[in-house]
Amino acid sequence: METFDPAELPELLKLYYRRLFPYAQYYRWLNYGGGDGSRERMTKNYFQHREFSFTLKDDIYIRYQSFNNQSDLEKEMQKMNPYKIDIGAVYSHRPNQHNTVKLGAFQAQEKELVFDIDMTDYDDVRRCCSSADICSKCWTLMTMAIRIIDRALKEDFGFKHRLWVYSGRRGVHCWVCDESVRKLSSAVRSGIVEYLSLVKGGQDVKKKVHLSEKIHPFVRKSINIIKKYFEDYALVDQDILENKESWDKILALVPETIHEKLQQNFQKHHNSLQRWEYLKKTISSQDNTKNDKCGPWLEWEIMLQYCFPRLDINVSKGINHLLKSPFSVHPKTGRISVPIDVQKVDQFDPFTVPTISSVCRELDTISTNEGKERNEAESDIKHRTRDYKKTSLAPYIKVFEQFLENLDKSRKGELLKKSDLQKDF
């Protein structure tokens, strides 16, 4: 596994921001075609009204940064060398001038709908790790979360432009970037995240999922996704019925009327797979006329409690809430927050994501090999060729570029529609 020394971070960041950060694509994203006539308002100042915040060395936090253009952003990032970059809303005025605006006039107007899924929120159900630690056995939780939430955003809501990003340590973020979505109110955002939430209750609440006989299609489709992973993830890797301590947590989720029967028979079986099969048989054999709490949905409630995505509602509902930027570097792990290809989400491995140390070392090797035989003209060409294409960051930037291509196509399609509608026949 790639070693990272936090003491080297300042020097590594200098190189990263000078030669590897994908400024052109980044600006193209956050500018959303500004200046191409696609926006009725804020066409020329959409990017200028965007809030950025920088966390500098020693946890110095600077909010309300804003920039005129890509060049200004580049210069400031290379000068400030931020340890972390957060992206906020598009405001009514330039964020760096917020102190000069009349009280109450400075308002967050638009922002992507964002989701933050953090592994620490699963600590009550994962047995391999806790807190900020992750491993390949619990990363499946993030895979399931991406599959469940992405399907719903696409099919249930019709959102087209969804960018999934690895946080760099223990979770994932999603940016929904459709133009109509960026204008949603906090109330509508709350409604969407409420729709996508099934696991409810704090540490003191044992049973966090409650279903009834009428199962919503969203729940059914989510269960179908979980079923593909449940045996390997929950019964083998997490071994959720391994011993009395672990199965007591599951007994707390089922009616007391079957506790004794399960306790006795769990001891006769040898592993989680066998005990789970016995649990399912016991549930289905119950006479539901006498005990209406023991329908087939009981098995699903357990599966959902152990596997369903856990969203931070406050991150999603607030328009002025900031979220860590893609391509930011995590200062503790050194890993870069890279976009995730949803088509290949099962193959995504957080432990093979490039660290700032590895990409800077790749860059050094490239520079040494190329620098020996270059004349002035060649070095000028080299300067214009983006260095990241020669490093392990390249495939992740390609995912980002594909996302941007789809955004551009969609925007051009809308422009054509508008121009067709405005024609006089």
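The following legends describe close-up views of a predicted model of one protein chain.

**Figure 1. Overall architecture of the protein chain.** The secondary structure of the predicted chain comprises 15 helices and nine strands. Of its 425 residues, 51% are buried. Among contacts between residues at least 6 apart in sequence, 70% join residues that lie at least 24 apart.

**Figure 2. The buried face of helix 6.** Helix 6 spans residues 186-195, and its buried residues are R189, I192 and V193. Viewed down the helix axis, these buried residues fall within an arc of 95°, so they line one face of helix 6. In general, an α-helix has 3.6 residues a turn, so residues three or four places apart point the same way.

**Figure 3. Elements covering helix 6.** The cover over the buried residues of helix 6 includes strand 5 (113-118), helix 5 (179-182) and helix 12 (313-317).

**Figure 4. The largest pocket and its centre.** The volume of the largest pocket is about 930 Å³. Its lining consists of 33 residues, of which I340, D341, V342, Q343 and K344 are the closest to the centre.

Figure 5. At least two lining residues of the largest pocket are supplied by each of helix 4 (136-156), strand 6 (162-166), helix 7 (217-237), strand 9 (339-340) and helix 15 (394-421). Helix 15 provides the largest share of this lining, with seven residues. By residue class, the lining contains 13 nonpolar, seven polar and 13 charged residues. Domain 1 (6-116 + 161-182 + 311-371 + 380-422) and domain 2 (217-307) each contribute at least three residues to the lining of the largest pocket.

Notes. Residues numbered from 1 in each chain as written. Predicted model: local features only at pLDDT ≥ 70, side-chain atom pairs only at ≥ 80, totals over all residues. Heavy atoms only, no water. Buried < 20%, exposed > 50% of the residue type's maximum accessible area, 1.4 Å probe, protein only. Helix = DSSP H or I, 4+ residues; strand = E, 2+ residues; numbered from the N terminus. Arc of directions from axis to C-beta. Contact = heavy atoms within 4.5 Å. 1 Å grid on protein atoms, 1.4 Å probe; cavity = no way out; pocket = protein on both sides within 12 Å on 5 of 7 lines; lining within 4 Å. Points joined across faces, edges and corners; volume = space filled by probe spheres on them. Nonpolar A, V, L, I, M, F, W, Y, C, P; charged D, E, K, R; others polar. Domains from an automatic or database assignment.
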